[in-house]
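Visitor: I would like to learn how to read a structure like this one. Could you walk me through it?

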Amino acid sequence: MRVDIYSKPRCSLCEKALAVVEEVRTRLPFELYVTDILQSPDLFEAWRYDIPVVLIDGVPAFKHRVDAETLEVRIREVMNGIPIAKTVGQDG
């Protein structure tokens, strides 16, 4: 199980998203990778208006804000073999 966060420095929403993801990580095991989109022209072009973006196993699951309860539900679903279904407004 892998969770990625696309972010950039000095982004308050990114810091909040990371805190939520870290909180969920205390209850569920997964690998966490934080990527600075400023280090990749392609990622910057794709996501500059939508950070933070949280991906679960490579699938965009959240952007802008992350809810701990919803994140935990989605991770548990993936752990049980259920594909990630985007919620309303999550068009990543």
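Visitor: Which residue in β2 does Arg2 stand opposite?

Guide: Arg2 stands opposite Glu31 in β2. A word on the source: this is a predicted model, in which local features need pLDDT of at least 70 and side-chain atom pairs count only at pLDDT 80 or more, while totals for chains, interfaces and linings use all residues. Residues are numbered from 1 along each chain as its sequence is written, and side-chain values use heavy atoms, with hydrogens and water left out.

Visitor: In what sense do β1 and β2 pair?

Guide: Helices (H or I, at least four residues) and strands (E, at least two) are DSSP runs, numbered from the N terminus. Two strands pair if DSSP finds at least two bridges between them. Here β1 and β2 (residues 31–36) run parallel over six bridges. With α1, they make a right-handed β-α-β unit; right-handed means that, with the strands pointing away from the viewer, the path from the first strand over the helix to the second runs clockwise.

Visitor: What does Arg2 touch beyond its sequence neighbours?

Guide: Contact means heavy atoms within 4.5 Å. Leaving aside residues up to four places away in sequence, Arg2 touches Glu31, Tyr33, Leu55, Ile56 and Asp57. Its side chain also makes a polar contact of 2.9 Å with that of Asp4. Such a contact is a pair of N or O atoms within 3.5 Å; within protein, one must be able to donate a hydrogen and the other to accept it, and residues adjacent in sequence count only if both atoms are side-chain atoms.

Visitor: Which residues touch the most other members of the largest nonpolar core?

Guide: A nonpolar core is a set of buried Ala, Val, Leu, Ile, Met, Phe, Trp, Tyr and Cys residues joined through side-chain atoms within 4.5 Å. Buried means under 20% relative accessible area, exposed over 50%, partly exposed in between (1.4 Å probe, protein chains only). Of the 18 residues in this core, Val21, Phe30, Leu71 and Ile75 touch the most other members. A second, separate core of nine residues includes Cys11 and Leu43.
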